[in-house]
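Subject: Handing over the model

Hi,

Here is the structure I promised to pass on.

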Amino acid sequence: MVADLLVAVAAAGSAGVVYLAAAARVVKQYERGVLFRLGRVSGDVRTPGLNLIIPFVDRLQKVNLQIVTLPVPAQEGITRDNVTVRVDAVVYFRVVDAASALVKVEDYKFAVSQMAQTSLRSIIGKSDLDDLLSDREKLNQGLELMIDSPAVGWGIQVDRVEIKDVSLPDTMKRSMARQAEADRERRARIINADAELQASKKLAEAAQQMAETPTALQLRLLQTVMAVAAEKNSTLVLPIPVELLHFLERGGRPSPPDRDRDRDRDRDRDRDRDRDRDRDRDRDQGQGQEQDRGPSPGHTDGGPQLPVTGTGSAPQVPVIDTGGPPQTPVTGTGSTPRVP
């Protein structure tokens, strides 16, 4: 009797151990358990620790709440300024609602991956190349907002999105290299020109100071000679003083009286040339007017006529004797001409 009782107790204990082994579930700290009883979500999400379920009736699905690092494959697209680029990114997300992540979407990791790829293509088409290269923080925020909007309904929170690399065509890389080189050369020229401007101002101030004290210029020349001689050169350069050059320049110029005399002579010659030109023009005009008036009144087609002179009201007529010697014209003062 006692033996049968011990066997029954041992069998019950064995059955209890088997039941506990089948019903016990351990949920880790970074996990949450969703209990499905006969296919339906039952109760709240199970917390970390030991949890018991009904074997063959309940099914406990564990969900990892750790941040998932999901790389986004490189996507090729055309930017707003018509440049073909390849951009890859990485998405950091985690599950905040284990039940929604299991019930509302079949595979939340695959869903987030596809959403990240489409959003990355969209952000490439809306951005310029300069924004992709320099203003990535703004693009990351926009990409995070595009992915996080539908993921909230799946019980997923997107923590951060980062654009890793932007691949450009080789031709575009060469063009950008030439642009950068030209920009650096432009800045170098501007800096050089600014330095020349500042140096010229300082030299002008030094020249004014030396003009007030000519001895300073001589001292400067001596310093230059000392600097040249200190190099142990076989050739010594002696600069010519500026005052000597000014003296030679003044010696080659004509004196003021000579310059005034030359200027007066040139002015008289120009005035004579203008007067001769005016005289020739007046003579040419007079000849043209005589040709336009035609023959004079004392000239006829029958032959040469003698001039008729007189002071009275009646005309004086010359008398020509055809039988004797020629007669001279007789002038008179009366109304009737006197004939010899």
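Below is what I found, going from the whole chain down to single residues.

Before anything else, this is a predicted model: local features need pLDDT of at least 70 and side-chain atom pairs count only at pLDDT 80 or more, while totals for chains, interfaces and linings use all residues. Residues are numbered from 1 along each chain as its sequence is written, and side-chain values use heavy atoms, with hydrogens and water left out.

**The whole chain**

The protein chain has 9 helices and 8 strands. Both are DSSP runs numbered from the N terminus, with helices being H or I of at least four residues and strands being E of at least two. Of the 340 residues, 19% are buried. For burial I used relative accessible area: buried is under 20%, exposed is over 50%, and partly exposed is in between (1.4 Å probe, protein chains only). The chain exposes about 25,000 Å², and carbon and sulfur atoms supply 56% of that; the areas come from the Shrake-Rupley method with a 1.4 Å probe, and for residues only the protein chains shown count as cover. Among contacts with a separation of 6 or more, 58% are between residues 24 or more positions apart, where contact means heavy atoms within 4.5 Å.

**The sheet and its helices**

There is an open sheet of 3 strands in the order β6-β7-β8, with antiparallel pairing. Two strands count as paired if DSSP finds at least two bridges between them. β6 (68-78) and β8 (156-167) are the edge strands with a single partner each, so one side of each has no neighbour in the sheet. On average, neighbouring strands here are turned by 25° against each other, direction ignored. For axes I used lines fitted to C-alpha atoms (for helices, over the stretch in contact), and angles run from 0 to 180 degrees between N-to-C directions.

β6 and β7 (residues 84-95) run antiparallel and are joined by 9 bridges. Helix α3 (residues 108-126) lies across β6, β7 and β8, at about 35° to β6. Helix α5 (residues 136-151) also packs on the sheet, where it touches β7 and β8, and its direction makes about 140° with that of β8.

**Q75**

Q75 sits in β6, opposite V87 in β7. Is Q75 buried or exposed? At 6% relative accessibility, Q75 is buried. Its side chain makes a polar contact with the side chain of R121 at 2.8 Å and reaches the backbone oxygen of P73 at 3.1 Å. A polar contact here is a pair of N or O atoms within 3.5 Å; within protein, one must be able to donate a hydrogen and the other to accept it, and residues adjacent in sequence count only if both atoms are side-chain atoms. Leaving aside neighbours within four places in sequence, Q75 is in contact with V85, R86, V87, Q117, L120, R121 and I124.

**Salt bridges**

A search of the whole structure gives 17 salt bridges, each being a side-chain nitrogen of Lys or Arg within 4 Å of a carboxyl oxygen of Asp or Glu. Here are three of them.

- E137 and R160 pair up with their closest N and O atoms 3.9 Å apart. E137 is in helix α5 and R160 in strand β8, so the pair ties together parts 23 residues apart in sequence. E137 is partly exposed at 41%, and R160 is partly exposed at 38%.
- R186 pairs with D183 at 2.7 Å between the closest N and O atoms. The two are 3 residues apart in helix α6 (residues 170-212), or about one helical turn. R186 is partly exposed at 44%, as is D183 at 30%.
- R189 pairs with E185 at 2.9 Å between the closest N and O atoms. These are 4 residues apart in helix α6, again about one helical turn. R189 is exposed at 58%, whereas E185 is partly exposed at 41%.

Salt bridges with shared partners also join E137, R160 and E162 into one network.

**N51**

N51 lies in strand β4 (residues 49-52) and is buried, with a relative accessible area of 10%. Its side chain reaches the backbone oxygen of T47 at 3.2 Å. Not counting residues up to four places away in sequence, N51 touches A23, A24, R25, V27 and R46.

Cheers
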